[in-house]
Amino acid sequence: MLNVVAIREDFPILKREVNGRPLIYFDNAATTHKPIQVIDAIVRFYKEFNSNVHRGMHTLSQEASELYEEAFSVVAKFINAYSWEEVIEVKNATDGLNMVAWGWGLFNLRPGDEIILTVVEHHSNMLPWRIVAEKTGAKIKYVDITDDGDINYDQLEEVVSERTRVVAITMASNVLGTIVDVKRICKIAHSVGAIVVGDGAQYVPHVPTDVRDLGIDFIAFSGHKMLGPTGIGILWGRRDVLEDVKPFRVGGDTIKDVTLDSIEWHDLPWRFIAGTPHIAGMIGFAEAVKYLMRVGVENVRQHDIELTEYTLKKFEEELKEYIVVLGPLDAKKRTGIVSFNVQNLHHHVVAKSLDSFGIAVRSGGHCAHPLHYRLGFKGSVRASYYIYNTVEEVETFISALKIIVTLRDILSRQLVEDRCTGT
Ligand SMILES: Cc1ncc(COP(=O)(O)O)c(C=O)c1O
């Protein structure tokens, strides 16, 4: 079990008030807050070690390089990678997914080859493949969801063929919360020789991740959704498939040697990390990973289940006639995400109203527009939990929603300026 009271002490921002109320932060699927240990590690780097890495013989550069390189080993241990060399620093999950689509897809796909996606995909795991399909002549095939918000695995088995080269799939949906059976997908895809690219943005922070056990080929995830700083993410790939990826951002530090007519690429992972990296970001991220390892991701998982189960139960008991829940009704099938709509009330109005109670949720299409259209919505409200959230906070959220639904007639006339940039 998590010691939530102690954990909350590590997060300075949780002392904030919003609209005169204690902040209740339920927008963790967008980004999580950062514990003081992560903030301190970043500040300490700039105060004591600041220097460029892999470029200097002087002491500061050597110390910075050591700290920076250690971060790769910390991440490798967290996901049970075969080696730290399989851990590629990228900007975020989006960047990592683009790296596979452009660096692997563009050079390996041929006209008529097939890429399999699902209707659940976040735009970050859909758009890169669509563009690369256009450029290579490959075809996209989509797998649907079942009525209870799971991936339609039977359909996946049907659409996979000898022409399938890639199955690119969210490992946990950022809207439905659905945790995908990655092993099952790998088995289906590998039976025809296709690779599996996992969008781990909502999975790695919430579900214990063992890349060897999953048998997957690539996973991309973001540091900022798991207590780390923004601007840092990871693309993990198994060495044999990574060797097949062409560096698509090149320049300083990506090579061993260059002459006017030849290039000798650097070893993994450096050939993919072009220019001065986000040194402080990687060090801060390693601190976040150490924090999660101390807490135990299996405990994060239990905590997610507890809060999600409680929310779904309260929705059923007290708000059933007003609320439509998206995704599986069994909390054990989800991460800590509950997306919903209040009937006859725009999702942005619900989110803005919750904000007046100090409750931060996300509203909109959550960068998964095709999924919302598939479900017959333009958007939804999303409450997403993490390690510092409490049952008491969920209770306040439910009470606020009960007030909001009674004021529906007045609120539905209220115009809320849409400040989301189309996502
Ligand atoms: C499932 C999923 N994939 C990809 C992303 C993109 O993450 P980032 O914006 O950090 O690149 C997100 C972000 O919300 C996500 O939820």
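The questions below concern a predicted model, and they go from a helix pair to a sheet and then to a ligand.

Q: Which term, roughly parallel or roughly antiparallel, describes H2 relative to H10?
A: The axes of helix H2 (residues 36-49) and helix H10 (residues 279-295) come within 8 Å and cross at roughly 150°. Angles over 145 degrees count as roughly antiparallel, and therefore H2 is, relative to H10, roughly antiparallel.

Q: How many residues of the contact of H2 with H10 are nonpolar?
A: On the side of H2 the contact includes Val38, Ile42 and Phe45, while H10 contributes residues including Ile283, Ala288 and Tyr291. When the residues of this contact are divided by class, two are polar and one is charged, and the number of nonpolar residues is nine.

Q: Which strands are the edge strands of the open sheet of four strands?
A: This open sheet has the order S13-S14-S17-S16, with antiparallel pairing. Each edge strand pairs on one side only, and the two are strand S13 (323-326) and strand S16 (362-364).

Q: Which residue in S17 stands opposite phenylalanine 340?
A: Strand S14 (residues 337-342) pairs with strand S17 (residues 380-384) in the antiparallel sense, over four bridges. Opposite phenylalanine 340 there stands, in S17, valine 381.

Q: How many charged residues are in the shell around the ligand?
A: The ligand is surrounded by 14 residues, and the closest are Asn92, Thr94, Asn174, Ala201 and Ser222. By class, the shell has nine polar and four nonpolar residues, and the number of charged residues is one.

Key. Residues numbered from 1 in each chain as written. Predicted model: local features only at pLDDT ≥ 70, side-chain atom pairs only at ≥ 80, totals over all residues. Near = placed C-beta within 6 Å. Nonpolar A, V, L, I, M, F, W, Y, C, P; charged D, E, K, R; others polar. Axes fitted to C-alpha atoms, helices over the stretch in contact; angles between N-to-C directions. Parallel < 35°, antiparallel > 145°, perpendicular 65-115°, else oblique. Contact = placed C-beta atoms within 7 Å. Pairing = 2+ DSSP bridges.
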